[in-house]
Each structure stands twice: as structure tokens, then as C-alpha cells.
Amino acid sequence: MSRIFAYIVHKAGVADDSAMELAAAARKLDPTASVTAIIAGTAPDLDAVSNGLRNSYGETWKINNEALGYPNAELVRQAMVKVLPAGSIVLVAHEHFGIDLAPGLSVRLNAACVSDVLAIDGLTGSTLKVVRQEFGGQISAHVNCDISGGAVITVRPGAFKPLETVAANGNVIDKSSEVGVLTAKRRYLGMVVAEAGDVDITKHSVLVSIGRGIQEKDNVAIAEELAEALGAAVSCSRPVVDAKWLEKSRQVGTSGKTVKPKVYLACGISGAFQHLAGIKGNPFLIAINKNPKAPIFQVADVGIVDDLLEFLPEFTNKVREMRSVSTK
Amino acid sequence: MEILVCVRRVPDTSENEIQLNAAGNDIERDDLVYSINEWDNYAVEEALQIVSRIGGTVTVATVGGEDDEEVLRREMAMGATHGVLISDDAFAGSDARGIATILKAFVQKGKYDLILTGVQAEDGGALVGGMLAAMLDYPFASLVNSIEVLDQKALKISREIAGGNKEINEIDLPCVLSIQTGINEPRYVGMRGIRQVASIPIPTLGAPELGLDPQSIGVSAAKIQRVDYFTPAMGKGAEMLQGSREEIVEKLFELVAAKGGLK
């Protein structure tokens, strides 16, 4: 069995939540393997991260390089190619850094590459069987991966339950001297923080959230009327923002806002994981969708199969009627 | 600027419910509506907007079969200058690495300043663009949601990262970028536009024209293979409200009120 490495993303001296999930994925891949964490960056942040990881990884390799103040995937790839032994299996979280890093790293290592892995079914010889999703999560696929020459695997955040058993006093090994000078044809310039927008959906306890099923911009008013009747705010999934029907600040999901409402009405939202990942705090989730097989029904508390353009106005009328009764 | 956009034709998830077939080994492909992969359409629009600002050409290429010509035609109706179908029986069963190998051979037959792909395909894994860049030794950026041309040598781009924040980078040309949805508003293409480009020839290139070694592509080179499709076991699943719409509305109001949904 090849060595397994987990590349750990970190920020301000703290390892990302995916660190323990990658450890769990590695255990699933090979229950007997000792897994090495790799971190790249600059001191003193890097030392804080490596200290933190000593409780979860038996060994951590750190790469301290002044060029890695902001870890750009092109630079990290060069560093990893220099330190990784042949045939390594590398795990990294499937988010904006992993998506940048994995494909090019697999080419440089001449290793297999499989992305956005949800589950690991097992290893037979050098064939690894994993589970992925396609078509926005409407269907899953088993995928075989020949890892005899190593592999780069991106793992979906949240898919693996973090390991509870932890290693105590893992070793930290400084690999910085093996890396040398790093240069890139892409240079980090800075960050632009998302605009606040007119309504802060993260502060609302009730959200009427719309997706592609709302069909056109003029129909957004249907959701706004319901939200007004309920005293809620309107939020949305990605396609609504892509179509410019609502501001980016209304988007719930990994590339939008993380919300923690009490009640969440998902209207015409299929339920892609990128959207669901933005809904925290276990709200009462109501899904309204005309497709009875929409993935959202797997995670909702209550489901309604109907045309939301007809259903929502009737529900709005009901809410208005009942509220006018109760205030009389 | 000479721009290449790599596109794909995929089942359209806004038009179809993707379901398992009766044999349980593939998706049900009868009656599927196919269209341009959504991310790729944004990439073509972005290329067209760059060219309208600073001049140049847009070439759209796809690795596929005869049926895939329709998406090239569609993107040409949007304004793409050239369409190229890269097609050969030897390509069947290629994994992302194989597709990137084929595209690399195609890129090396031309001269492109900028290569765009969509971030991912509906049935893909967001891999081909990054692999192609590494093979060409070009810089790469994924999840790109804005492009500004600085000069002949570099672009200023932003990438979509967590929480709606943007990471700004400068990237040298030539480069490969994977384009995120929402970067622009792709123009509408009508039947009339497609008819207008119907007679423009679309060249087809195969493995021999591209000088590809059959061992480096297709099923024999693939390290990744999809075994089957399946429908995952449902979680606890939603309690589905049944009855007339009026009854459901009634029931839902009670539930929403009980869960604190009236402010």
C-alpha cells in the first residue's frame, strides 16, 4: 500500500474543518495506513496549524516558504511534487483550493485523479471503488480508480464523519528545505469581500427560498408576497443569482451565505449539496417541487409535489386569511 | 486575442429528470433532451465579450461524436468564429486525463492566447481544464467569475471562493481558465440564428490528424472508469403531504405555525 497524505487547508493559524474528515476518508481507504498531513504556508501561522494537527495526525509535514504567504495552488503543487514519494495517494477537500490543485497535481505525479468523492466503497488490489454524484446530485455513480501509480482524490466537505479517535503527540517534520525556490505564473493580488446587500438573510428565522423552479424574474414576486405574509425574507439558490433575478447577497450555499433559520421553505430548489451546505442549525425544512424525485425530498422534513407558481399564491392567501382572523 | 473554448453536449438537467434505467446500470437515455453544458455556455459568452472589446477570434471545440455537432452550431450562432469536432472511435472510454490529452494535441496544432472551459460538466468532475493546463505548462485558475484583459501578456481575474468572496489574481498568458456560471448573461440563440450558421462546415479531427498515440487515450489508458449509476438509499426522507391542494395548504399552515414560521 502506498503512503496516504492529506493536504490540509488552513486560515489564520487554524486547520479547516475538513482536516478530520480527510483523516476519516483515509481510514476508510486503508484502515491500517498511517496518514500524513501536509501543510504549506509561512510561520508563525504554520506552526500554530501543525501544533493543532498533532492531535489528529500521527505525522505532519510542514512546508514553510515565503512564497506561500497566500497558498496558490500552482506554488503548492510545485512544493508537493518535490516532497511526495512516488506512488503517493493525496487527499484534499473539494473546495476552491482543491479544485485548483488536484487536476494539475495528478498530471505532474502521473497519478489517477478522481474528484468530489462522497464515499469510499473499498479497495480490491489496486482498484479503489468510490461514490460520486452527477447531474447536480440527481443520481449517484460508482467509479473505479486504478491507484497503482498513486492518486489525487478530492473529498466532498461534510461527506465523511470526522474521526473521533485521535493520535496524541504526532510528529511534525519540517520539509521546507526540500522545496527550494517557488515561482508561479499566477499571482495573488487580494480579496474582495462579498457585498452586504439590502437584506441580511442570515438574521432571519424564516426563509422563503427559491430556485430554478421559479422559472422567471417576474415570478419572484410570488415568493416575496409569501415572505411578506409570513414575516420572512426571500433567499435563493445559485441559478436565481446566475440569472440575475436576485442579488448575490440572497444566495444560500457554499458560494453564498450560511443561514440558520427555524423554518426553511425550499421552493423549486432541487437540493444540490452546494446549496444544502449553506443551511445550518437543522431548521424545519419544507420542500415544494414539481419533480417527485428531486434530491431535496431526501433531506426535507415535509415535502409537497406541486407547481409552486400555483401553490405559493394559494398558500399566501391562506396565511393572510388566518393572520387577519387571529388579529381580529 | 485568439480564444479556444472547450465545450460539451450533456443531458439538460433543467429539461430532464435524470433517472436510472430499467437495467440499473446507466441513466435512462431515451427521450433525454441534450444541450450545451451550462458552464460552457457562460465560457463562450465570456470569450465573445472579450473579443468584442479587444478583437480576435473564438474557436469552440468538443471531443465527442456526430450528435455533438449541434452544440458547436449553437455556439457559432452565438457568435463563435470557428467550430471543430474532435472525434474518433479511439477516444471512447477516455477519462478526464484522456480528454485533456486529446485537447492538448489539438491546442498544439493552433495558437491560442486563452483557453476557457466550464468549471465542470453535469456528469463530470471539474478536472479537464486543470489537467490540460498542466500538460501545456500553462497557468490555470478555476471558478473564474470575472476577467479583465490587462495587456498582451496578462489578465486580472477573480475566482469565486467561499461565502461569495472573490480572490483576485493576475495570471500570465497563455493560460487556461475554468468559468463559473453567473460570470455574465449568455445571449439568447434562436432557431433563426442556428439556421444562419447551418451551412458553415465544421471540420472533424481524429487521432491520426492530431498525432495521438492510441495508448495514451481511450479506455486502455483510462485509470478512472464509471462502473454504474444508482439511486442512493433515501435518508429518512420527507413526509410527503397528500390530498387536495386546499388540504395541503391547510396542513402546511398548521405545520409552519407550529414550528415558529409566523413572525
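The domain assignment, automatic or taken from a database, divides chain A into domain 1 (4-178) and domain 2 (201-327). The model is predicted, with local features requiring pLDDT of at least 70 and side-chain atom pairs pLDDT 80 or more, whereas totals for chains, interfaces and linings use all residues. Residues are numbered from 1 along each chain as its sequence is written, and chains are lettered from A and ligands numbered from 1 in the order in which they are written.

The C-alpha centres of domain 1 and domain 2 of chain A are 35 Å apart. Six residues of domain 1 of chain A contact six residues of domain 2 of chain A, a contact requiring C-beta atoms, placed from the backbone, within 7 Å.

Between the chains, 72 residues of chain B are in contact with 75 residues of chain A. Strand E13 (residues 186-192) of chain A pairs with E9(B) in the antiparallel sense over six bridges; strands are DSSP runs (E, at least two residues), and pairing requires at least two DSSP bridges. Gly190(A) has Ile168(B) of E9(B) as its bridge partner.

Within chain B, the axes of H3(B) and H4(B) approach within 9 Å and cross at roughly 50°; helices are DSSP runs (H or I, at least four residues), and axes are lines fitted to C-alpha atoms over the stretch in contact, with angles from 0 to 180 degrees between N-to-C directions.

How values were computed:
Two residues are in contact if their C-beta atoms, placed from the backbone, lie within 7 Å.
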